[in-house]
Amino acid sequence: MEKNEFVFEAGAAREDITPEVGTLLYGYTPDTVSESVHDPLSATAAAFRQGGETAVLLTVTLGDFGTALCTEIRERIARAMDLPVGRVIVSATHTHSAPNVSGMEGWGDVDRPYAEGILFPAMERASRRAVEGLAPAEIGVGCAASQVGINRRQQNRDGSVDLGQNPWGCYDPTMTCVSIRNAQTKRGILNLIHYGCHGTAAGRNHEITRDWSGIMTDRLEAETGVLTAYWNGAQGDVGPRLTNGRTVGDIRHVEELGGVAASDALRAYRAVGPFVPGNLTVYEGEVRIPRKPLPPREEAEAKLASYADPGALINIQRLEYAHYRAVMDEYEAGCPAWSDFSYPQTAVSLGDVLFVPFPFEIFAETSLRLRAYAPFRYVLCLSNTNGYEAYLPTEDQIVRGGYEVGCFLYNGAHPLVNRADQVVIDENLRIIGA
């Protein structure tokens with residue numbers, strides 16, 4: 001029987017990407033060594049096809065992908081699937097208990113042996129199996145209010161901001177389940193869970209783990225018998241709501257919060273409305289964000305002179321040092337002209353559901369605003385997707401400072417303008433024609 005190309009089709013597949021014990025874990029300091037596996041890591045691919053268009057959305061239970069490395073694997077999968085690279089969208093769940101494929105300054109080097117030996121082949125296999133399994137499909141969507149996350153920019157008495165819990169801060173309380181099933185047999189293909197929250201419940205642990213979202217997806221999969229995977233939303237300023245009042249804990253907090261998340265995911269699944277045929281639309285364009293000019297040379301010289309031992313710096317201190325070093329390199333090169341920051345964008349809609357990738361850790365308010373402005377019932381922003389360019393705070397939070405703002409302000413010689421959150425909203429609305 002000949003296939004009707006206008007019929008919406010979907011397929012999904014998962015592959016194991018768990019590293020060997022002894023692998024360095026990414027997220028805190030570059031020397032955290034894994035000692036056991038609490039739960040396996042995975043790469044899940046969801047493939048969609050209709051009207052001659054095909055899109056593959058992958059979610060990988062890792063911290064975040066360095067942009068160059070992510071482009072490399074997207075190109076590899078695109079070649080294997082005979083697709084344009086823009087049709088391959090790669091998200092990281094942002095667990096802090098997985099190998100380093102970020103390579104961000106101050107957080108250690110990319111684990112290339114892991115990427116080449118385990119990660120890339122598994123992602124390619126999952127993508128191929130998802131495409132090979134394409135079948136006529138329909139989708140239903142359900143939502144539930146969830147307090148798994150809480151704003152993590154803790155406000156101190158002196159006005160400073162630490163990583164903790166901020167009961168007055170913004171977060172997105174909506175957990176969404178996109179349930180996809182075979183239109184003919186009514187058997188499930190994929191439960192796609194979307195929610196925005198850091199994967200830091202385990203803290204600086206030594207277990208390999210997907211963090212709280214792994215407990216959640218395993219429980220929903222066990223209850224429904226359907227392949228289940230998690231796509232992280234706007235988590236830049238959202239941490240796990242842990243009972244210790246902090247944004248990091250230990251493996252017991254993973255299991256504790258994971259149980260709460262599982263309950264919320266089950267409620268979202270049970271709220272799934274009528275299943276309807278999907279309608280695949282791909283929106284493509286380029287997002288452009290202006291950069292700031294260089295700070296004064298005297299400021300950069302003074303900052304560099306203040307570091308006693310630059311080689312010993314890690315994390316945000318190393319990033320700050322690298323920023324001022326890059327500023328001085330620009331001055332020494334004669335201050336060449338700089339261009340706007342830009343990245344190719346591919347947003348995908350399945351009828352009422354719109355997926356919007358961001359190569360940043362965006363703040364929750366950005367997602368909520370875009371959801372309010374975009375002409376879709378469900379707007380699901382995907383952080384840490386198609387690369388990683390650090391944090392993208394909302395402009396009102398920059399004056400408060402804090403860790404996320406520091407990462408934003410010290411990202412390269414020419415960081416993005418403070419109003420980058422509004423620019424990125426405007427650019428994405430333009431691309432989808434809104």
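The model is predicted: local features require pLDDT of at least 70 and side-chain atom pairs count only at pLDDT 80 or more, whereas totals for chains, interfaces and linings use all residues. Residues are numbered from 1 along each chain as its sequence is written, and side-chain values use heavy atoms, without hydrogens and water.

The protein contains 10 helices and 23 strands (DSSP runs numbered from the N terminus; helices are H or I of at least four residues, strands E of at least two). Its C-alpha trace spans about 70 × 45 × 45 Å along the principal axes. Of the 434 residues, 58% are buried (under 20% relative accessible area; exposed is over 50% and partly exposed lies in between, with a 1.4 Å probe and protein chains only).

Strands β18, β19, β20 and β22 form, in that order, an open sheet with mixed pairing (a pair requires at least two DSSP bridges). Because β18 (280-289) and β22 (378-382) stand at the edges with a single partner strand each, one side of each is left without a neighbour in the sheet. Antiparallel pairing joins β18 to β19 (residues 341-350) over 10 bridges; V287 has Y343 of β19 as its bridge partner. Helix α10 (residues 420-431) packs on this sheet and touches β18, β19 and β20 (353-357) (contact means heavy atoms within 4.5 Å).

Residue A302 lies in helix α5 (residues 297-305) and is partly exposed, at 49% relative accessibility. The C-alpha atoms of A302 and Y324 are 9.5 Å apart, with a sequence separation of 22 residues.

Methods. Axes fitted to C-alpha atoms, helices over the stretch in contact; angles between N-to-C directions.
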